[in-house]
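Work through the exercises below with the model open. Each task is followed by a stepwise solution.

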Amino acid sequence: MMSVEEALLNMLSNITPLSVTHVPLSDALGLILAEEVIARENIPPFANSAMDGFALRSQDSKPQQNQPPHLRVTGGVAAGYIAHHAIEPGTAMRIMTGAPVPPGADTVIQVELTRHGGPNGDWVEILQEVKPGNNIRPVGEDMRSGQTILTTGTELGPWEIGVLATLGWATVPVVRRARVAILGTGDEIVDIDQPLQPGKIRNSNSYLLEAAVRQAGAEAYRLGVARDTVASLREKFAEASQYDLILTSGGVSVGDFDLVKDIMAEQGNISFWRINMRPGKPVAFGDISETPLIGLPGNPVSSAVTFELFARPVIRKLQGQHNLLKPQIEVTLANDIPDRAMRRHYVRAAVEWHAGHFVARTTGNQGSNIMTSLLHTNAFVIVPEGGIVTHAGDTLTALMLDWPEVNSWDTLDLQQKTQQEE
Ligand SMILES: Nc1nc2c(c(=O)[nH]1)N[C@H]1C(S)=C(S)[C@@H](COP(=O)(O)OP(=O)(O)OC[C@H]3O[C@@H](n4cnc5c(N)ncnc54)[C@H](O)[C@@H]3O)O[C@H]1N2
Ligand code: MOO
């Protein structure tokens with residue numbers, strides 16, 4: 001059976017990023033920039049005031065015979081407007097934060113450092129000498145025309161989107177969002193708003209996977225449930241092959257009605273089947289008419305866990321991401337893990353920082369049908385292969401599900417090298 005790393009490497013090496021498209025800036029969150037962003041103008045485009053105060057000539061702020069200079073105020077300039085006239089010697093203008101500095105002025109003094117008055121606010125006393133450039137944000141201080149601001153491959157988060165908006169990029173070139181088909185399988189599955197007849201269960205997997213796909217930044221399409229017949233699976237698979245990725249759940253084990261692999265073999269290819277892990281052993285990977293398909297197991301926890309380990313990085317690679325894998329950290333176990341697994345065990349746990357350590361408390365019964373073992377989970381504690389029993393106080397590795405992905409290809413690359421050398 002394949003190791004988790006071999007399986008991941010096999011999947012990822014079969015995935016190529018999707019095509020480039022232009023999307024409105026407000027739809028670009030989480031996508032990968034497909035071109036360099038070069039500033040086409042200076043930001044700020046004009047010298048402007050950093051404070052509410054008075055614009056003046058710095059030499060007019062020097063005290064005269066120990067008296068604060070008394071200047072005539074010739075008007076005001078608000079943000080969004082430009083001054084009608086220039087600052088002459090011995091004069092000042094009121095200026096608001098963000099307003100363009102009037103010609104002739106080389107400095108701004110904040111209002112708190114002045115005394116001002118007159119029937120129409122027509123005089124100001126400058127209580128502190130100010131240097132040239134004081135409180136002035138020069139042209140191009142932030143970005144200069146021609147400067148490279150964002151490089152190809154950057155993930156667009158709220159801050160990058162803010163920078164692009166500043167530069168007036170109303171649409172952005174990005175690797176397009178993946179369209180992911182989600183297919184349930186099995187005669188026992190009914191939709192969540194249907195009454196439960198004897199022997200039937202609700203289709204929880206499709207809804208869980210839909211949410212997980214969206215959380216991974218892709219578009220999710222639930223295509224319903226294929227019945228346990230070749231005809232039904234053929235029909236659903238043909239529909240699903242129109243998408244960028246197919247996720248099925250169920251029908252990949254060795255039961256009489258586990259037909260997913262048969263249809264994969266008939267309409268495409270099986271790259272591998274079964275991974276040395278628990279939960280989630282029967283994962284199948286391949287393609288249908290060249291659309292990659294990950295056959296997740298039917299057991300709800302198995303499908304949730306294998307989504308995190310395999311489908312999430314695959315979606316990220318499709319969308320041009322470089323950081324594909326969740327970080328792994330050392331944790332101290334808060335409780336024993338009594339069950340002995342020969343396969344590598346991904347144990348659901350809540351990890352918290354406590355008294356200088358990351359402490360992992362597992363979430364109860366770890367059966368692959370126990371949905372509630374997913375609640376409060378923010379990490380998988382990894383119990384290595386070989387039937388190891390672990391105890392409270394032991395140090396183990398945990399995969400942090402609620403931390404951002406990192407570029408942790410190192411271990412996978414090593415595997416690739418050994419495979420090539422063999
Ligand atoms: N003889 C063997 N039997 C099984 C083996 C094995 O190695 N030998 N492996 C077990 C393991 S491990 C797993 S995991 C499951 C996976 O089986 P399938 O992927 O074929 O899934 P199904 O048999 O279709 O269903 C399993 C289980 O999950 C429920 N299910 C299925 N779809 C949904 C859904 N959309 N929403 C909620 N629950 C779903 C289904 O009713 C079953 O209870 O096989 C073991 N068997
Ligand atoms: O691997 Mo199965 O996913 O143990 O239940």
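**Exercise 1.** State which residues UniProt lists for "domain: MoaB/Mog", and give the helix and strand content there.

Solution. The unreviewed UniProt entry lists residues 181-317 for "domain: MoaB/Mog". UniProt positions are in the numbering used here, feature names are shortened, and annotations may be inferred rather than shown by experiment. Over residues 181-317 the chain is 36% helix and 30% strand. Helices (H or I, at least four residues) and strands (E, at least two) are DSSP runs, numbered from the N terminus. The end C-alpha atoms of this stretch are 17 Å apart.

This is a predicted model: local features need pLDDT of at least 70, side-chain atom pairs count only at pLDDT 80 or more, and totals for chains, interfaces and linings use all residues. Residues are numbered from 1 along each chain as its sequence is written, while chains are lettered from A and ligands numbered from 1 in the order in which they are written.

**Exercise 2.** Describe the shells around ligand 1 and ligand 2.

Solution. Start with ligand 1. It is surrounded by 27 residues, the closest being Asn-205, Gly-250, Ser-253, Pro-297 and Gly-298. A residue is near a molecule if its C-beta atom, placed from the backbone, lies within 6 Å of it. Next, find the elements. β13 (179-185), α3 (204-215) and α6 (300-318) each supply at least two shell residues. The largest share, three residues, comes from α3. By class, the shell has eight nonpolar, 16 polar and three charged residues. Ala, Val, Leu, Ile, Met, Phe, Trp, Tyr, Cys and Pro count as nonpolar, Asp, Glu, Lys and Arg as charged, and the others, Gly among them, as polar.

Now ligand 2. Its shell holds Arg-278, Pro-279, Gly-280, Lys-281, Pro-297, Asn-299, Ser-302 and Ser-368. Two are nonpolar, four polar and two charged.

**Exercise 3.** Explain why Leu-333 counts as buried, and locate its contacts.

Solution. Leu-333 is in strand β22 (residues 328-333). Leu-333 counts as buried because 22 C-beta neighbours lie inside 10 Å; the cut-off is 20 or more other C-beta atoms within 10 Å, with C-beta atoms placed from the backbone. Beyond four places in sequence, its contacts (C-beta atoms, placed from the backbone, within 7 Å) include Ala-360, Thr-390 and Asp-394. Asp-394 is 61 residues away in sequence but 5.5 Å away in space, C-alpha to C-alpha.

Conventions. Buried ≥ 20, exposed ≤ 12 C-beta atoms within 10 Å, placed from the backbone. Contact = placed C-beta atoms within 7 Å.
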